[in-house]
Amino acid sequence: MLDLSHNNLTGSFPNWLLENNTILLESLLWRNNSLKGQLLPLKPNIRIRTLDASHNQLDGELQESLGHMIPNIMILNLSKNSFQGILPSSIAEMSFLWLLDLSNNNFSGEVPKQLLATTDLRFLRVSNNKFHGEIFSSDFNLTNFDCLYLDNNQFTGTLSNVILRNPELEVLDVSNNYMSGEIPSFIGNMTYLMELMLGSNSFNGKLPPEISRLQWLEFLDVSQNAFSGTLPSLENLGGLKHLHLGRNIFTGLIPKDFLNSSSELLALDMRDNRLFGNVPNSISRLSKLRILLLRGNFLSGFIPNHLCHLTKISLMDLSNNSFSGPIPKCFGFIQFGEIKKDHNFFRPSISFRYGWSSRDIYAGHIEKYWEYFAVILEETGEVEFVTKNRLDSYRGEILNIMSGLDLSCNNLTGEIPNELGMLNSIHALNLSHNQLKGPIPKSFSNLSQIESLDLSYNKLSGEIPPELVELNFLAVFSVAHNNLSGRVPDMKAQFGTFDERNYEDNPFLCGPLLKRKCNTSIELSYSPPESSRESQAKWYDIDHVVFFASFITSYIMILLGFATILYINPYWRQRWLYFIEECIYSCYYFVLDTRSKLLAYFYN
């Protein structure tokens, strides 16, 4: 074995090593260097069994005779380079090949039919290329597959029954392609499936209930398709860890027995569908849940207190629904990021077995008992969350430290609970576009890790707590479109980066930033002494008696003034009468003409 991985080697790829049969070299590992050039061995090498040239800068096309140059290769990893062109059909003649990774290149064309008919290939990854064509055609005859990664290409077609020839398939990823059709019910017969990723295609129809028979399933992603109908019960999927159903057309209520036994679930994404009703109590039984995304549905009612049982939540998005009532005070007792650093929830792990040897794929590596080979599995599962006024995507280990709560665009009322100030590990808090009233809690100064705080478009009143200037990581802050008063916080630390747009449409706020002087008369006119009974009224409250009296008086005065002018000036009086007469005649002839046209229309 020759392992020169993870160095800064430059220059051309040493094809001469592949051409030398005199060296007893079976494994050649050049992973993660800066080698350039093409892979063009000129002589066959029957000894080489493992070749890893991934994560370099190799380019050009693979020679048509590659399969004849290294005929006994078992593991071939050429991922993360700049190879292009079509795949040579001679690859199918590598009779011992069981692992092939060509991902993250610029390959195009169709996958050779000969390769799809081999029987020994166990692991195929062609992700992130430009392959096209119908992959699951009648030529598909891979009967011993364990892992099949076809994501991020241009494949078409449906999930035909030829895939049933792989009863032991553990991973199927066809996400980000142009595939269509319905998910067939026979998917429930693939009982060894651990990861099923169908996201970002054009699949439609209902989600078959037979999916609940996949008892080993850990990752299910059907997001960004056109699935419709109601959600099936997935209560039998006790080992499910990631469930992504977002951006479809699912309707109806969330079933009460939806995920009763899925105690291992870490991420639940049902955003941007057409679900309605309340959040069922069964959600609170997901004791390990870290991510809950329900944004963009028609869910209603009060935000249930049982969501506070999800004490390990780090990201919760309930925005763009129709929730009403107050914000539960118990939200202040949820962790929202308070997690031990050694708890790595989003580090992918699957077991891969080949013959008598066992390997663990984790964090992008394969470790084998009889030799080392680095490969291929990147973190799966992408989560979108709005923070800092933009929709960002998070995946992998960053999800272990990201935290946020988004309750925006609902009908929430009442005051902001002081208990939310206890979320000292949260990074993003969005309560905008609701009907919240009362003051901004001073306890928000305890949000020491907050980076984005949006309280805009509410009915908040009182002063902005000056203690907020102590939030050293605050990058986005908005209290615009409220009823706040008093002086804006001093322009120091992070608040020195904000401008008047962060405070707009608060007419009683003042300070140098807003070019509005603060004086006692303005402050007293807005905030009279609390001992006065008038202090209980809002500044925008209206005395209806005074309003109607003044309106009627004004109306009468206008009429009297108009009559007086016509009485004094005969010419204007005559012109006014002519105008009234002209209006009467116009209306008369308009009605008469319209009537005659309608009668003629009906007679004809």
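**Close-up 1. Pairing of strands S21 and S23 in the predicted model.** In this predicted model, strand S21, which covers residues 249–252, runs parallel to strand S23, residues 274–277, and the two are joined by 2 bridges.

Close-up 2. Strands S21 and S23 belong to an open sheet of 8 strands with parallel pairing, whose order is S15-S17-S19-S21-S23-S25-S27-S35. At its edges lie strand S15 (180–182) and strand S35 (411–412), each of which pairs on one side only.

**Close-up 3. The largest nonpolar core and a separate one.** The largest nonpolar core comprises 129 residues, and Phe 136, Leu 268, Phe 331 and Tyr 503 are those with the most contacts inside it. Helix H1 (15–19) and helix H3 (113–116) are the elements that contribute two or more residues to this core. Apart from it lies another core, made up of 10 residues, including Ile 75, Trp 98, Tyr 149 and Val 171.

**Close-up 4. Surroundings of Tyr 503.** When residues up to four places away in sequence are not counted, Tyr 503 touches Ile 464, Phe 477, Val 479, Ala 480, Val 488, Pro 489, Phe 495, Phe 498, Leu 509, Leu 513 and Leu 514.

**Close-up 5. The protein chain as the setting for these views.** The protein chain contains 6 helices and 42 strands, and 50% of its 604 residues count as buried. Among contacts with a separation of 6 or more, 53% are between residues 24 or more positions apart. The accessible surface of the chain is about 29,200 Å², with 54% of this belonging to carbon and sulfur atoms.

Definitions and conventions:
Residues numbered from 1 in each chain as written. Predicted model: local features only at pLDDT ≥ 70, side-chain atom pairs only at ≥ 80, totals over all residues. Heavy atoms only, no water. Pairing = 2+ DSSP bridges. Helix = DSSP H or I, 4+ residues; strand = E, 2+ residues; numbered from the N terminus. Core = buried A, V, L, I, M, F, W, Y, C linked by side-chain atoms within 4.5 Å. Buried < 20%, exposed > 50% of the residue type's maximum accessible area, 1.4 Å probe, protein only. Contact = heavy atoms within 4.5 Å. Areas by Shrake-Rupley, 256 points an atom, 1.4 Å probe, with all protein chains shown as cover.
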